[in-house]
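Morning, everyone. I'll take a few minutes on one model. Please have a look at it before I start.

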Amino acid sequence: MSRPNLNQPPSGDAPDPRFPIPHSPTPTACQRNPRLFDFANGDRTHDRAATEKRLEHARKACSRCPIATDCLQWALVNKPLTRLGIFAATTPGQRTELRKRLADRLGPDWIDVLAEQDQTRRARAAAARNHPLTVSQTRVVRLDRDVNGPMPTHRLLTPAQQQRNLTRLAASLKTAS
Ligand code: SF4
């Protein structure tokens with residue numbers, strides 16, 4: 001059984017509709033050379049050296065992929081579809097570990113938390129496109145960046161971190177007014 005293709009997910013289990021399938025404007029390495037990304041737990045027992053070499057090539061290709069972040073998230077939230085294969089440089093075993101860590105950090109409903117954060121992010125991006133910020137909103141955004149640092153792009157904030165940032169921003173706004 002080979003790894004599913006992101007562009008043609010298997011018909012049995014449907015992908016979680018809250019997470020769009022990552023799309024690259026140009027064919028990704030796993031689309032150009034799917035065999036390189038085939039991997040199942042236990043593959044190393046046959047020809048360990050050859051498997052490690054192939055994994056190394058796949059990981060290198062993923063490290064240069066423009067949609068690696070979205071690919072990893074998609075693979076993590078769609079466990080039934082990604083039991084096999086390399087996705088975003090991770091093996092199935094490594095993804096199991098990452099899912100455990102996400103559950104520790106965000107709670108047992110971590111997929112719902114990610115979906116909500118994703119939806120908020122997309123809504124904000126759409127709102128920013130349709131309604132550019134006013135002068136006072138821009139000031140708040142700047143203040144937020146000053147007190148909380150730049151918004152992380154490859155790391156998700158936990159609800160506790162969001163609350164802490166909000167408290168800091170509220171305190172700074174009070175001082176500034
Ligand atoms: S990160 Fe790797 S597995 Fe994911 S789309 Fe890119 S090349 Fe394919």
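A definition to begin with: contact here means heavy atoms within 4.5 Å. Now the ground rules. This is a predicted model, where local features need pLDDT of at least 70, side-chain atom pairs count only at pLDDT 80 or more, and totals for chains, interfaces and linings use all residues. Residues are numbered from 1 along each chain as its sequence is written, and side-chain values use heavy atoms, with hydrogens and water left out.

Overview. The protein has seven helices and zero strands. In order, that gives α-α-α-α-α-α-α. Of the 177 residues, 32% are buried. Buried means under 20% relative accessible area, exposed means over 50%, and partly exposed is in between, with a 1.4 Å probe and protein chains only. The accessible surface is about 11,700 Å², and carbon and sulfur atoms hold 55% of that. Those areas come from the Shrake-Rupley method with a 1.4 Å probe; for residues, only the protein chains shown count as cover. Take contacts between residues at least 6 apart in sequence: 62% of them join residues at least 24 apart.

Next, α4. This helix covers residues 92–106, which is 15 residues. From first C-alpha to last, α4 reaches 21 Å, close to the 21 Å expected at 1.5 Å a residue. The expected span is 1.5 Å times one less than the number of residues. Which residues of α4 are buried? They are P92, R95, R99, L102 and L106. They cover an arc of only 65 degrees around the axis, so they sit on the same side of α4. The arc is taken over the directions from the helix axis to the C-beta atoms. Some background: an α-helix has 3.6 residues a turn, so residues three or four places apart point the same way. On the face of α4 turned away from the buried side, R101 and D104 are exposed.

What do the buried residues of α4 pack against? Their partners are α3 (68–77), α5 (110–130) and α7 (159–176). Take α3. The axes of α3 and α4 come within 10 Å and cross at roughly 85 degrees. Axes are lines fitted to C-alpha atoms, for helices over the stretch in contact, with angles from 0 to 180 degrees between N-to-C directions. The two helices are therefore roughly perpendicular, the label for 65 to 115 degrees. L72, A75 and L76 of α3 make the contact with R95, L98, R99 and L102 of α4.

On to α7. N165, L169 and S172 are buried in α7. Their arc is only 65 degrees, which puts them on the same side of α7. A160, L166 and K174 are exposed on the other side. The buried residues of α7 pack against α6 (135–148).

Last, the backbone. Most residues other than glycine have a negative phi. A88 is not a glycine, yet its phi is positive, about 45 degrees. A89 is also positive, near 70 degrees. A88 lies in the loop between α3 and α4, and A89 has its place in that loop too. A88 is buried at 14% relative accessible area, while A89 is partly exposed at 23%. After α4 comes G107, with a positive phi near 100 degrees.

Key
Helix = DSSP H or I, 4+ residues; strand = E, 2+ residues; numbered from the N terminus. Parallel < 35°, antiparallel > 145°, perpendicular 65-115°, else oblique.
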